[in-house]
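This report describes selected local features of the structure shown below.

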Amino acid sequence: MKKADIVVVGGSAAGLTAAMTARRHYPEKATLLVRRERQVLIPCGIPYIFGTVGSAEKNMMPDSILDREGIELLIAEVGGIEREGGLLRTDAGDVGYDRLIIATGSLPSMPPIPGAETGPVFPILKDAAHLQDIQRRLRGARDVVVIGGGFIGIECADEIRKTGDTRITVVEIEPRCLSASYDDEFCAEAEAVLRSRGILIRTSTRVRRIDGGERPASVILSDGTTLRADVIIVGTGSVANVRLAREAGLRIGAGGAIEVDRTMRTSDPRIFACGDCAEKVSFFGGRRSDLKLASIATLEGRIAGANLYDVTRENPGTVGVWSTALGDFALGTAGLTESMAVEWGYEPVAATVEGANRHPAGMPGGAMTRMKLVFGAGSGVLLGGQVRGNDAAGEMINAIAACVQKRMTVEDIATFQMGTHPALTASPVAYPLVQAAELAIATMRRAAARRPGGRR
């Protein structure tokens, strides 16, 4: 029987990060990572297999990092956990552990569409062979229907469009694509970019059924429209993969993921969980969060790996930081959008600025950038922000995320000391983070002046 002090089940973002962190915090402990895949896909890179990257083989996490960190690897299917004896049952033999981290990720959620089982319907699985099969089906396909207008759906649609003259239609049940992630004005811009790239968009409708008995299949929408489809891609979210945990008797939370505390410990004191399989709470008020992002998974992996024998870290809650790109057009969100803030019971004050991200604007890499910041009206604390621009938006949104996590106020941001350079940033005179804060302050002062007894 194989034994290790620390055993991690799952080799994607959360599991790999947890194993690395455990080795760094407890170098005297033997660490073993168990996974079923020979090679692990980079999750966020999956849509780009269909266009920019070109193949699943070019979108793999390198195993060299395991050797460098001194982490042993076992390729095996885990059949169960015997908690009392500290054992994993695998098809390569039993594995003994002292501490266990479960990082089994998530599985695609499939909407209950009649006929989906008979048509050329493909969820986006984190499986190289499955993705290669989709690529084969796409060769020569004239019509592709993408169900779901979130990140996965629009990125897959955009990448498939790059490979030829395929007619692609995105079907989204909400009034806007990306509406769960951005305010309406940002969603409208993203849709305009998709349409300019030749992608058709059908919003405020759902797929009623799929007639897949003949090729091509027919996708019948709730508004009565019928779409021809050689390939149907499903990108409608995911659910936590909790089979191992449930069968082992670990508590499962109300959201269907493994219940954990702020240290990522499960109901068993020797077992931790992190990533998509673990229950999450929001940074904003501690309510349950359904977000599943690689950035969250790696945060939780760093917390779980550090706390195995000595609690040194706690999870502050899920802020939610993400970005997406369609060609040179990029969008990012950190924390709450204005519409989220209203939905969650906040009284938000929002300010939007737009300008060049270089000075002068004609410098290489220059692009018009829009930034929207959302503050609490009473506290002045930054609740979130959004950015639209070119590839610089990715790091701009990370700066906003840092401000959110430190609960900076509108005055803190208005007096933010930034470093600028003509070839790298916006002008110090018109730095968007500061300008948006100043506009928000002006809005708050006007609102205060209108109140009875307010100073005019």
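Two strands are said to pair if DSSP finds at least two bridges between them. Strands (E, at least two residues) and helices (H or I, at least four residues) are DSSP runs, numbered from the N terminus. The model is predicted: local features need pLDDT of at least 70 and side-chain atom pairs count only at pLDDT 80 or more, while totals for chains, interfaces and linings use all residues. Residues are numbered from 1 along each chain as its sequence is written, and side-chain values use heavy atoms, with hydrogens and water left out.

**Strand β24**

| Strand paired with β24 | Sense | Bridges | Residue opposite in β24 |
|---|---|---|---|
| β21 (residues 329–335) | antiparallel | 6 bridges | Gly-332 opposite Val-387 |

Because 8 of the 8 residues of β24 (residues 382–389) are buried, the strand is largely enclosed by the rest of the structure. Buried denotes under 20% relative accessible area, exposed over 50%, and partly exposed in between (1.4 Å probe, protein chains only). In the hairpin of β23 and β24, 5 residues lie between the strands, and Gly-380 takes a positive phi near 75°.

**Residue Lys-126**

Lys-126 is located in the loop between β8 (121–123) and α3 (128–138). With a relative accessible area of 42%, Lys-126 is partly exposed. Beyond its neighbours within four places in sequence, Lys-126 is in contact (heavy atoms within 4.5 Å) with Leu-41, Ile-46, Ser-106 and Asp-276. Phe-283 is 157 residues from Lys-126 in sequence, and the C-alpha to C-alpha separation of the two is 28 Å.
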